[in-house]
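The following report describes the chains of one model in turn, and then the contact between them. Please read it alongside the sequence and the coordinates.

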Amino acid sequence: MVLPLLFLALLLCALLAGWAAWFVVRDRAVILRQLFGAAAVEAVLVVQAVVAGVLQVQGHAVDGPLFWGYLLTAALLLPLAAVWAFAERTKWSSVVLCVAALTVAFLEWRLWIIWEAGL
Amino acid sequence: MSDEHAPATGRGFGRLLVTVYGILAFAALGRSSYQVLTKLADAPAAYLLSLLAAVVYVVATVALALGARPGWRRAAWAAVVVEAVGVLTVGTLSLTHPAYFAEPTVWSGFGQGYGYVPLVLPFVGLWWLWHTRPGRNAPTSAPARPTEA
């Protein structure tokens with residue numbers, strides 16, 4: 001975990017959540033372009049995983065199962081939520097995407113705490 | 001599933017309910033299996049209770065998602081009632097007998113470790129199951145679709 005990637009992930013999650021919240025207000029369902037936004041968050045998560053893996057191999061001590069469990073959860077959440085949201089063509093799909101994006105942001109924050117706590 | 005006669009519990013507001021249930025189920029299952037696998041001996045009762053609670057959340061998630069079918073609807077009722085009783089019982093006991101719950105469970109302190117979501121969720125679930133019960137006219141679980149989508 002490095003700070004720039006953490007901030008980038010948090011920023012993208014906030015943007016995605018805000019976009020989805022705007023759609024809730026407008027009473028609109030999730031659109032495909034928002035799923036590309038979710039894919040951008042996923043891309044950052046993958047880069048974070050690679051960087052964390054390299055740093056861990058280089059000797060950064062971290063509670064492995066806990067950290068990787070959180071990271072895996074964060075990575076699985078948006079794809080699952082996207083499939084679940086997209087099957088619903090009402091504003092509730094946008095609520096689902098918004099909640100999922102905020103949850104990933106929360107998991108990112110927890111990941112950072114776990115990473116900094118070491119072993 | 002949406003073509004069944006009974007109102008679906010996974011549509012409309014139910015989409016959000018199932019999402020929150022799913023996140024809580026995943027969090028509780030992940031945390032409790034980690035506890036059971038790495039330090040079960042420390043507090044077997046608390047960790048096994050956490051695992052049980054997690055399984056109930058998984059059942060609730062799946063049952064609410066598939067709630068248009070009568071069997072799943074009954075399973076959803078059962079799971080949500082177990083959660084309501086569980087969080088109230090364990091929440092109260094964790095305050096009156098803190099020694100029993102030295103290690104946190106998902107229901108300790110009325111679910112404060114999870115932002116009190118475990119306290120609120122079963123009651124929202126009960127309301128939603130009642131709201132979408134079969135035989136109710138004009139199921140509001142499937143509100144008018146926005147045409148602009």
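## Fold of chain A

From the N terminus on, the elements of chain A follow the order α-α-α-α, and the count for this chain is accordingly four helices and zero strands. The model is a predicted one, and every value given here is computed from it.

The C-alpha trace of chain A spans about 50 × 20 × 20 Å along its principal axes. Its radius of gyration is 15 Å, which agrees with the value near 14 Å that a compact globule of 119 residues would have. Of the 119 residues in chain A, 38% are buried. Among contacts in this chain between residues at least 6 apart in sequence, 83% join residues that are at least 24 apart.

## Packing of H1 and H4 in chain A

Two packed helices are described by the angle between their axes and the distance between the axes. In chain A, helix H1 (residues 3-25) packs with helix H4 (residues 91-117) at an angle of about 160 degrees, and the two axes are 8 Å apart. Because angles over 145 degrees count as roughly antiparallel, H1(A) and H4(A) are described as roughly antiparallel to each other. The crossing in which H1(A) passes H4(A) is left-handed.

On the side of H1(A), the residues that make this contact include A:Leu6, A:Leu10, A:Cys13, A:Ala17 and A:Phe23, while those of H4(A) include A:Lys91, A:Val95, A:Cys98, A:Leu102, A:Glu108 and A:Trp112. Sorted by class, the contact of H1(A) with H4(A) has 19 nonpolar residues, one polar residue and two charged residues.

## Two partly exposed residues of chain A

A:Leu8 belongs to helix H1 of chain A. Is this residue buried, partly exposed or exposed? Its C-beta atom has 18 C-beta neighbours inside 10 Å, and A:Leu8 therefore counts as partly exposed, since 20 or more would be required for a buried residue. The C-alpha atoms of A:Leu8 and A:Leu45 are separated by 9.9 Å, although these residues are 37 residues apart along the chain.

A:Ala49 is placed in helix H2 (residues 32-57) of chain A. With 16 C-beta neighbours inside 10 Å, A:Ala49 also counts as partly exposed. A:Ala49 and A:Leu71 are 22 residues apart in sequence, and their C-alpha to C-alpha distance in space is 7.4 Å.

Buried residues account for 44% of the 149 residues in chain B. Among its contacts between residues at least 6 apart in sequence, 64% join residues at least 24 apart.

Helix H2 (residues 44-65) and helix H3 (residues 70-96) of chain B pack at an angle of about 145 degrees, with 8 Å between their axes, and the crossing of H2(B) and H3(B) is left-handed. Residues of H2(B), among them B:Ala53, B:Val56, B:Ala60 and B:Leu64, meet residues of H3(B) that include B:Trp72, B:Ala76, B:Val80, B:Glu83 and B:Gly86. The residues of this contact of H2(B) with H3(B) divide into 12 nonpolar, one polar and one charged.

## Contact between the chains

How many residues does each chain bring to the contact? Chain A contributes 21 residues and chain B contributes 17 residues. The side of chain B that touches chain A is made up, by class, of nine nonpolar, four polar and four charged residues.

Notes: Residues numbered from 1 in each chain as written. Chains lettered and ligands numbered in written order. Predicted model: local features only at pLDDT ≥ 70, side-chain atom pairs only at ≥ 80, totals over all residues. Contact = placed C-beta atoms within 7 Å. Nonpolar A, V, L, I, M, F, W, Y, C, P; charged D, E, K, R; others polar. Buried ≥ 20, exposed ≤ 12 C-beta atoms within 10 Å, placed from the backbone. Axes fitted to C-alpha atoms, helices over the stretch in contact; angles between N-to-C directions. Parallel < 35°, antiparallel > 145°, perpendicular 65-115°, else oblique. Left-handed = near helix turned anticlockwise from the far one by under 90°. Rg over C-alpha atoms; globule rule 2.2 N^0.38 Å.
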